[in-house]
Every structure is written in C-alpha cells, then in structure tokens.
Amino acid sequence: MTRRGAGGRWAYKLPLRLRSLWGKQRLDAELAAEIEFHLERQTEENAARGMAPREARQAALRALGGVEQIKEECRAMRRVGYLENLLQDLRYGIRSFGRNRGLTAVAVLTLALGIGANTAIFSVIHGVLLLPLPYPRPDRIVSPWQATPSSGDTRLGLSEAQLVRLRAGAAPSLAEVGGYLLQGATLAGGPGVEPERIAAAWVSAGVCEALATAPALGRCVRASDESGGEIAAVLADGLWRRRFGGDPGIVGRTVQIDGRPTLVVGVMPGGFALPEELAGGEPAQLYRSLPITAGKLNWGSYYLRPVARLRDGASPARALAEVLAVFAALRRENPGAAIDAPDYAVRVVPLRDDLVGDVRAALWVLLGAVAAVLLIACANVASLLLARAAERQREMAVRAALGAGAGRLVRQLLAESLLIALAGGAVGVGLAAAGLSVIARGGAGAVPRLGQVGLSLPVLFFTLAVCVFAAVLFGLVPAAQIAGLDLHRPLREDGRGTSAGRGRHRLQSILVVTEVAMASMLVIGAGLLLRSFAQLSRVDPGFAPHHLLAVQVNLPRRRYGENQRTTAFYRQLLERLRSLPGVQAAGAPSAPPLGGPSGDTRFQIEGGTPAGGGTAGRPAGGDAGRHVYTWLVTPGYFQAVGLTLVRGRPLLDADGPASPLVLVVNETLARAAWPGRDPLGKRLRLDLGPAKMGPWIAVAGVVRPVTIRGLDEAPQPEAFLPEAQGMAEDGFPATSMNLIVRTAGEPLALAAAVRRAVSAADPAVPVSHLRTGDELVAHAAARSRFNLALLALFAAVALAMAAAGIYAILANAVRLRSREIGIRKALGAGSREVLRLLVGQAMRLTLAGLALGLAAAAGLTRFQQSLLFGVRPTDPLTFAGVALLLCAVALAACGIPARRALAVDPVEALRSE
Amino acid sequence: MTKPTDLVQGTLDLLILRTLALAPMHGWGIAQRIRQASNEVLQVQQGALYPALHRLEQQGWIQAEWGESDNRRRAKFYSLTPPGRRYLEAERANWARLSAAIDLVLEPGR
C-alpha cells in the first residue's frame with residue numbers, strides 16, 4: 001500500500017485510533033454484530049435455496065471460516081500496537097506493585113531522594129547559570145575591573161578620572177561606559193509620611209546606555225546632570241507607584257532627597273536592576289546623577305562599579321588591551337594617583353562571569369554530587385528488582401509459553417520500571433519544592449539570583465528526562481536478566497541456587513561496589529568542605545563579634561552640613577548609649593567590620609617622593625600611590641568593636657578639629673610603609689583628589705588587621721581617621737555612620753533601647769540595618785556554609801543508601817547460603833567463623849568500593865579547589881577519615897544479617913530443601 | 001459453491017474500493033456485488049473480506065457508518081473517503097499498466 005495522501009487520511013484515522021484505545025468494548029460489540037449480520041444474510045440465502053434452517057446456519061458458518069479467527073484478524077488491523085501494549089503493561093505493572101507494597105514503597109522513596117535532589121540542584125543551576133540576564137544582548141555587557149590579587153582579589157572599580165576618559169571614547173571597543181555606586185538615601189517625609197531610608201544608587205551618564213535599557217518615562221541621567229548644580233534622579237517603578245501614586249506628572253518635579261532638592265527626570269521600567277543588584281538583596285529605588293565635575297575629578301579613589309557595552313565586533317580581549325593603554329596613559333599623567341602594587345592587574349569581565357563566576361564551581365560540584373546520589377539510588381533499586389527476579393521468572397515463563405517474545409517481556413519490565421521512576425519523580429518533585437524553599441531562605445547571600453530559582457517548566461522537563469533515564473538505568477539489568485534466561489527451566493523446577501542465582505549475586509556485588517565507590521567520593525568532597533569551614537571559623541576576624549550590636553544611622557545633610565554638627569551629634573548620641581544599662585562601650589565607624597570597605601584611596605608617606613600634581617613626565621615614586629582602605633571613626637570605637645591595639649593609643653576625644661591630625665593604622669600598612677621601624681609619629685597624607693593631597697597626618701597607634709569583607713581574604717592596609725577631624729574624601733561630613741555597641745548580655749535585648757536613644761537625640765534620623773556581631777561573621781561565611789550544608793546532606797544520603805545496599809546484599813547472601821551456613825555449623829564451626837564469612841564478604845565489597853572511590857576522588861577533587869580554604873584537595877587526613885567511616889558503616893550494616901546468620905539452626909537448614 | 005479463484009490481497013482491496021465507489025454498502029452486499037459484476041467468476045473468500053475491510057478503514061481509505069439495511073436490520077455501511085477516491089483512481093491506472101504488461105509477456109511471438 002502506498003503512502004500517498006497520508007496527510008488527508010489522518011482525519012479519518014485519528015478518531016479510529018482514539019476509539020481503539022478507549023472504546024475497545026464497543027468496537028468488539030460492533031464487530032460481533034457485523035459478522036452476525038453477514039451470517040444471517042448468508043443463512044437466509046441458504047434457506048432460500050432450500051436448506052433446513054439449522055443446516056443453512058451451519059453452511060453459512062462453514063463458508064465464513066473460523067469466526068473467532070476472523071474477529072482476531074480484524075482486531076489486529078487496529079493499528080495501536082505499541083501504545084496499547086504500553087498501557088496494558090502499565091496497568092499490569094500497577095496491579096503487580098499493589099501486591100508488593102513494601103518493595104514498591106522502598107523503591108519509590110529511594111528514587112524520590114535521588115530524583116528530587118537532582119531536580120532541586122538543576123533548578124538552582126537553571127535559575128542562576130542558565131537563565132538569560134534581564135538586559136538586551138547581555139553577552140555584550142562587560143566590566144573593566146582592576147585588582148591587586150595579593151591583597152585578596154578585591155575588585156577595584158573605576159576612579160572618576162578613569163570613567164570620564166573611557167566614556168570619552170579612549171577605548172573604542174567599549175561603545176558605552178558608565179559607573180555607579182550603591183548608596184542608600186533618605187527620602188524626605190511629607191504630611192503624615194515619615195522620612196524613609198531607601199536603597200539608592202549614584203549613576204553616571206552612560207549606565208542606561210551600557211545596559212541598553214531606556215526609562216519608561218522621561219529620560220536617564222545625562223552628562224550635563226553630573227556637573228550641573230542640581231542633582232537629577234530617575235525613580236524606580238516600585239518607588240514611583242508606592243510614594244508618588246504612579247503619577248506621570250512626577251517628571252520635572254523636585255523632591256527632597258538627603259535634604260537636597262533633586263529633580264526627577266524619569267522613571268525606569270518595572271523589574272530593572274543594576275548588575276550588582278542582580279545578585280540579590282533590595283534593589284535601588286532611586287538613581288541619582290553622580291556629581292562629578294570635569295575640572296575636579298577624583299583620581300585616587302576607585303569606587304565606581306563599572307559597566308560597559310562592547311561595540312559590535314569587538315572582543316573582551318581587544319577591549320582589555322585598549323583599557324590597559326588608557327589606564328597607563330592616566331598613570332603617566334598623574335603618577336601619584338595610580339595603584340602601584342606589584343601584581344596590579346586589569347580584567348575585562350563579561351557580566352555573567354561577574355555575577356555567577358564565584359558560584360559556578362560550587363554549583364557544578366553539587367550537580368556532580370546529586371548525579372552520584374541518583375546513580376546510587378538506581379543501583380539500590382536495581383538490586384531490589386534483582387532480588388525479586390526469582391519470583392518473576394515463573395511469571396515470565398508463563399507469558400513466554402503463551403507466545404510473548406523476549407522483546408515483549410523486556411518492554412513489560414521496562415514499563416514497570418518507568419512506572420516506579422515516575423512515581424519516584426512525583427514524590428521527588430515534592431521533596432525538591434520543600435528543599436528549594438529551605439535553600440531560598442538559607443542561601444540568600446550565598447547564591448546570586450536566587451529569585452529566579454523555582455520549579456519552572458524546563459526544570460520539570462528535566463525531571464521527566466531524569467525519570468526516564470533512571471528507569472532505563474535500573475530497569476535494564478533486571479529485565480535483561482529475567483528475560484534472557486532459559487525461561488522453561490523455572491516451570492519445571494524451583495529456581496533457587498541455580499547458576500542464575502549466582503549470576504544475580506555477582507551483579508548485585510558489582511552494584512554494591514559501585515555504590516560504595518560513589519558514596520566515598522561524595523563523603524570525601526563533603527569532608528574537605530567541612531575542614532575548610534573549620535579552618536575558616538578559626539580565622540581571627542580582628543575584632544570580638546560576640547555581644548556586639550551594629551546599626552546604621554543617616555543624618556539629613558541639610559541640617560548636618562558641617563563637621564561640628566555631626567561630631568557633636570555623635571558625641572552626644574554615644575554618651576547616651578554608654579549610659580544605657582548593659583552597654584559596656586560604644587563607638588561609631590563609617591562601616592562595621594565585615595561590612596565591606598568604607599573608603600579607599602592612595603596615600604604617601606613622609607620622606608617618600610613628592611606626589612606629582614597631575615603633570616605628565618614626573619616619574620612615579622616607589623611609595624607614591626600606595627593603596628589604603630579608610631574608615632572614619634569616633635572615639636570609643638576601638639573598645640566597642642574589640643580591636644587589638646599593638647602600639648600607641650586609640651583615637652580619643654582630644655583628637656578634635658583643633659588638635660594635630662592623627663590616625664591609627666593597622667600592622668599591614670605599618671609593615672609595608674615603614675618596614676622594620678617604629679611607625680608611631682611617622683606621617684602620611686591621603687590623596688583627596690587630583691592635585692589635592694591632604695595634609696600630613698601622624699600615626700598615633702597601630703592595630704591588628706580587621707577583616708573587611710570575607711574571612712578568607714588576605715590582610716589589607718587599613719587606616720582609621722577621627723571623624724571629628726573631617727578627613728572624609730568627598731569633603732562632606734560623615735552623615736552615614738554605623739553605631740557599634742558592646743553589650744554585657746544578649747545584644748538584641750538592647751535593640752529597642754538603642755533605637756530610642758537615637759530617636760531621642762534626633763527624631764528625624766532613621767535607624768536601619770540592625771545586626772549583631774555574630775550575624776556579621778555568619779554572613780561573611782554564608783557561602784561556605786551553604787556549600788557545606790548541601791554537600792554534607794547529599795553525602796549523608798549517599799552514605800545511607802550505600803549502607804542500605806550493603807545490608808541488602810548481605811541479607812540476600814545469608815538467605816541464599818543459609819544451607820551452607822547450617823552445614824558449617826553442623827560440622828563444628830563456631831560463631832566466629834560464621835561471622836568471619838559474613839563480615840569478610842562485606843569488607844571485601846567495601847574495600848573494593850573504597851579503592852575505586854578514593855582513586856577517583858584523588859583525581860576529581862581538584863575541581864573543588866576554588867571552594868577550599870586552608871585544605872589541600874588530596875588532604876590525607878580527610879581521605880583516611882572517610883575510609884575509616886565507610887568501613888565502620890559497612891560493619892554496622894552487617895549487624896542484622898549477622899544476627900540472622902548466627903541464628904541459623906543447622907538442623908533446620910539441613911532438613912529444608 | 002464453486003471453488004473461488006484466489007485473489008491477491010491488493011486486488012481484493014481494489015475491487016472493494018471500486019464497488020464502494022458506486023454506492024455505500026455493507027460487507028455482505030460488497031461480496032454479492034463483486035460476484036454479480038464479475039459474472040459469478042470472482043467469489044470473494046469471505047474470511048478475507050472483513051479483515052480487508054477493517055484494514056482499509058484503519059488506513060483511512062474508507063469510512064463506516066451504522067445504518068439500516070434493506071431488510072430493516074442494522075448493518076455497518078462502508079463508503080469511500082475523498083483520499084480513497086483518489087487512491088482508487090491511481091490504483092486503477094496501475095492495474096491497467098500492470099495487466100497490459102503481463103499481456104505483452106504472455107503474447108507469443110514478439
């Protein structure tokens with residue numbers, strides 16, 4: 001038959017197919033009626049020819065032939081073949097599982113763990129690594145970062161001078177360049193509305209263009225806004241709707257932000273966020289124009305987060321070369337302002353790498369881990385199915401005798417496997433959903449873009465694929481085993497103890513060895529992370545985090561526009577705080593420890609080469625252009641936060657605006673600037689802008705380094721300046737400070753009292769970001785803890801499953817060999833010998849698995865390197881510990897089978913059979 | 001009944017389709033009509049008829065409907081589908097070509 005006209009025929013074929021699937025009974029009735037009609041007509045004709053009624057009927061039947069056979073042939077014409085067989089198999093499978101509920105439950109649960117873990121981790125990978133970023137052509141967005149890796153790979157942004165030069169087109173590969181800084185703002189209140197502290201950002205012109213996102217209303221920040229007298233701002237969609245009622249007339253109006261009039265020039269579309277905000281956290285509600293003036297650019301402070309768009313056809317490599325040239329030119333123009341570290345490097349990083357580069361390694365490791373868990377789960381289920389093989393052989397033999405081919409039997413068994421896998425998948429999705437909600441809570445701060453993670457359609461498709469894969473994996477082996485046997489043997493004799501049984505046992509052994517190998521790999525991975533975490537926890541953060549409360553306050557600039565006012569305010573506030581019961585000390589820094597850097601700039605030491613005033617041709621001196629992180633602090637800070645003073649004195653009340661300028665440095669800076677000499681009394685000056693070096697400041701004290709952002713960073717040069725002496729870089733008084741309070745008891749108990757004290761000092765000052773010192777430390781270790789928690793969980797699950805696998809094979813062995821054990825006992829073997837038999841088998845399997853697993857781990861843990869701290873990937877202690885652990889677990893798994901083996905009654909064993 | 005001439009399956013399909021081209025008919029009627037139209041030469045093997053009908057139906061060349069037969073009993077009536085009609089034309093042309101070719105071979109003295 002030709003296939004011509006196949007398209008048009010489907011209109012007729014399809015309804016028939018559907019009826020064949022679901023209306024079988026009706027169709028059969030119709031077929032019977034059709035044949036019956038034919039027989040009646042034939043009978044009539046025969047009768048008309050003169051036959052007797054009964055003879056006529058017989059003749060008609062003879063003429064037709066075998067009625068049943070004809071019916072069967074007609075039925076065979078219904079082309080449903082595979083689908084109908086599959087449905088039949090599934091129905092049969094469901095019935096057979098119903099009979100074996102315990103086994104089915106164990107199998108489904110095991111698979112649920114494996115499949116659920118994979119679903120959860122893939123969901124995270126999908127949301128974090130695979131989903132596209134929310135900008136047009138995000139692959140063209142890059143950021144030129146500078147770094148000095150020896151100081152801990154800090155990402156230094158652009159200085160204003162660098163931004164302006166790049167924006168002017170000095171690097172042609174970068175079509176658009178912009179810079180921004182996240183910094184909160186205070187939105188003035190109104191009638192009946194409190195002043196509100198909101199997340200905000202300073203953005204330069206070029207940011208919107210680099211991200212290729214135009215405002216929904218109005219316009220974005222322009223270069224003219226930057227140098228104009230008035231600050232321009234673009235609202236976020238959220239703020240616009242919430243505070244300004246979604247009124248389009250807001251464009252062109254002026255609002256009070258931080259006590260200064262700000263012109264609203266546009267509204268961004270909903271869902272917009274700056275690249276640094278994509279990592280998570282509260283997105284900025286306001287984008288203000290960066291106040292930079294062409295003639296008074298800041299050269300030494302690298303604070304602008306860069307964002308740029310590559311020109312079509314340009315590559316990051318070419319952009320890098322151009323950027324290097326631009327920075328080199330700038331360095332020649334103003335040597336005093338350049339970063340002068342031996343390992344200074346520039347990188348042009350694509351946005352995606354910026355955002356997720358840190359977690360990529362961790363996520364792939366986790367995916368490997370859950371894949372291993374799935375394989376172990378499949379091995380266990382395969383083992384379970386194999387154990388049932390003996391019973392099923394009989395059933396299969398009967399079906400084979402009735403005419404089913406080997407292929408048909410295998411299909412039947414695979415269909416059943418698919419059923420178990422799908423059931424396991426359904427439960428697994430439930431587990432994954434629960435797991436994801438836990439991850440969402442615990443992973444905030446550790447994993448970027450967590451908001452994108454969820455059980456979306458692609459993730460569910462992945463789960464389905466995993467189910468099918470698992471079904472084939474664990475179903476194929478038992479199916480082949482069962483169907484490939486000589487199916488006639490079981491019908492004649494009891495199939496136990498045959499070579500088939502031994503073959504099954506060998507298969508099970510292989511499965512167990514694989515399980516142990518994979519479990520040991522996972523446990524090693526988790527063990528290494530555990531040791532890393534322990535090392536991390538031992539790191540001295542440089543301050544005393546217990547019994548510490550930190551809170552942020554922001555003074556409105558309008559009323560606190562001068563140093564004297566801010567200083568007076570803080571002094572008064574801190575006195576109030578110190579008088580509270582339960583407060584041992586209080587101080588205020590511009591940023592708390594582990595709260596990130598507050599300011600950074602260049603400095604020069606007295607006696608070094610004088611700084612160039614921006615003239616080209618002046619060579620950079622050896623100590624011109626050193627980098628330092630700076631904080632403004634009030635007196636009392638050092639005691640409050642628990643810094644360790646090693647020389648000199650802390651900052652005091654006496655260090656006021658009229659006193660000699662002093663500062664406190666840390667050991668790292670002292671050693672770098674004045675190696676081998678006493679730093680007390682030595683002087684340095686800070687770069688406060690181009691051709692604007694600050695006055696000479698004397699070192700009054702030296703402290704131990706304090707961690708700035710992460711516990712695994714190398715110590716950085718740090719300097720603490722008295723707030724009263726007003727050495728803030730931007731020239732503005734310190735209106736955004738943190739209060740650090742050392743408490744005698746539980747820090748949070750004093751939270752309300754602290755708020756009241758601030759309110760009493762000035763009701764218009766909002767209080768935000770309340771944290772304890774322990775929370776600061778915990779947050780810094782968030783990523784390590786997250787990785788560790790997940791990997792440890794999967795390792796534990798894998799270990800449990802492997803133990804279950806060992807137990808299963810031992811239990812089976814005891815059952816199979818009970819006769820042998822009985823004979824040995826009858827011949828005088830003591831318990832010890834029987835145990836030796838059993839434990840010997842267990843240990844053989846475990847050691848084989850360990851050998852494989854340790855060897856594989858030695859090769860693979862290298863990929864975990866970036867996640868480890870203070871531990872080598874081939875740490876012998878961890879490897880040895882894991883080996884011991886697995887042996888212990890294997891021995892524990894022997895427990896019940898051993899008891900059963902010992903309980904074998906030799907007489908019974910000999911008698912049975 | 002006389003011994004039926006063996007019919008190749010494809011030929012049977014062709015005959016059925018041709019019969020149905022004239023008017024819808026049930027299985028019994030189709031066998032009768034073929035016998036009559038061929039002057040009693042072609043006796044359709046009844047055991048082959050119904051599987052053939054069902055196959056043609058499953059392939060979409062013919063469709064079926066239950067209706068009332070001439071003696072007021074319910075029967076399953078088959079009729080040609082539009083693709084079936086086109087198929088019939090094509091197969092008739094093929095058959096003509098085939099039988100002409102066989103004739104050529106059988107004709108002595110070429």
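Guide: Let us begin with burial: a residue is called buried when its relative accessible area is under 20%, and exposed when that area is over 50%. Please keep in mind that this is a predicted model. In chain B, which has 110 residues, buried residues make up 48%.

Visitor: What is the order of the elements in chain B from the N terminus on?

Guide: Chain B holds 4 helices and 3 strands, and, read from the N terminus, these elements follow the order α-β-α-α-β-β-α. Of the contacts in chain B with a separation of 6 or more, 45% are between residues 24 or more positions apart. As for its surface, chain B exposes about 6,200 Å², with carbon and sulfur atoms supplying 54% of that area.

Visitor: Which residues make the nonpolar surface patch of about 550 Å²?

Guide: That patch is made by L422(A), L455(A), L457(A), L460(A), F461(A) and L464(A). Helix α15 of chain A, covering residues 457–483, gives the most to the patch, with 4 residues.

Visitor: Is F461(A) buried or exposed?

Guide: The cut-off for exposed is over 50% relative accessible area. F461(A), which has its place in helix α15 of chain A, has a relative accessible area of 55% and is therefore exposed.

Visitor: How many aromatic pairs are found over all chains?

Guide: A search of the whole structure finds 9 aromatic pairs. One of them is formed by F272(A) and Y287(A), an edge-to-face pair with 5.6 Å from centre to centre and 70° between the planes. This pair links distant parts of the chain, since F272(A) lies in the loop between β9 and β10 of chain A while Y287(A) lies in strand β10, 15 residues apart. Both F272(A) and Y287(A) are buried.

Another edge-to-face pair is formed by F638(A) and F720(A), with 5.7 Å from centre to centre and 80° between the planes. Here F638(A) belongs to helix α19 of chain A and F720(A) to strand β21 of chain A, 82 residues apart.

Visitor: Why does F638(A) count as buried?

Guide: F638(A) counts as buried because its relative accessibility is 5%, and F720(A) is likewise buried, with a relative accessible area of 2%. W631(A), Y637(A), F638(A) and F720(A) form one aromatic cluster.

Visitor: Which residue lies over the face of W202(A)?

Guide: R288(A) lies over that face, at 3.9 Å from the ring centre. In another case, the charged end of R862(A) sits over the ring of F863(A), 5.4 Å from its centre.

Note on methods. Residues are numbered from 1 along each chain as its sequence is written. Chains are lettered from A and ligands numbered from 1 in the order in which they are written. This is a predicted model: local features need pLDDT of at least 70, side-chain atom pairs count only at pLDDT 80 or more; totals for chains, interfaces and linings use all residues. Side-chain values use heavy atoms; hydrogens and water are left out. Patches are made of residues with over 30% relative accessible area and no salt bridge: like charges are joined within 9 Å, nonpolar side chains (Val, Leu, Ile, Met, Phe, Trp, Tyr) within 5 Å. Accessible areas come from the Shrake-Rupley method with a 1.4 Å probe; for residues, only the protein chains shown count as cover. A salt bridge is a side-chain nitrogen of Lys or Arg within 4 Å of a carboxyl oxygen of Asp or Glu. Helices (H or I, at least four residues) and strands (E, at least two) are DSSP runs, numbered from the N terminus. Buried means under 20% relative accessible area, exposed over 50%, partly exposed in between (1.4 Å probe, protein chains only). Contact means heavy atoms within 4.5 Å. Rings of Phe, Tyr and Trp (its six-membered ring) pair if their centres lie within 6.5 Å; planes under 30 degrees apart count as stacked, over 60 as edge-to-face and the rest as tilted. A charge sits over a ring if NZ of Lys or CZ of Arg is within 6 Å of the ring centre and within 35 degrees of the ring normal.
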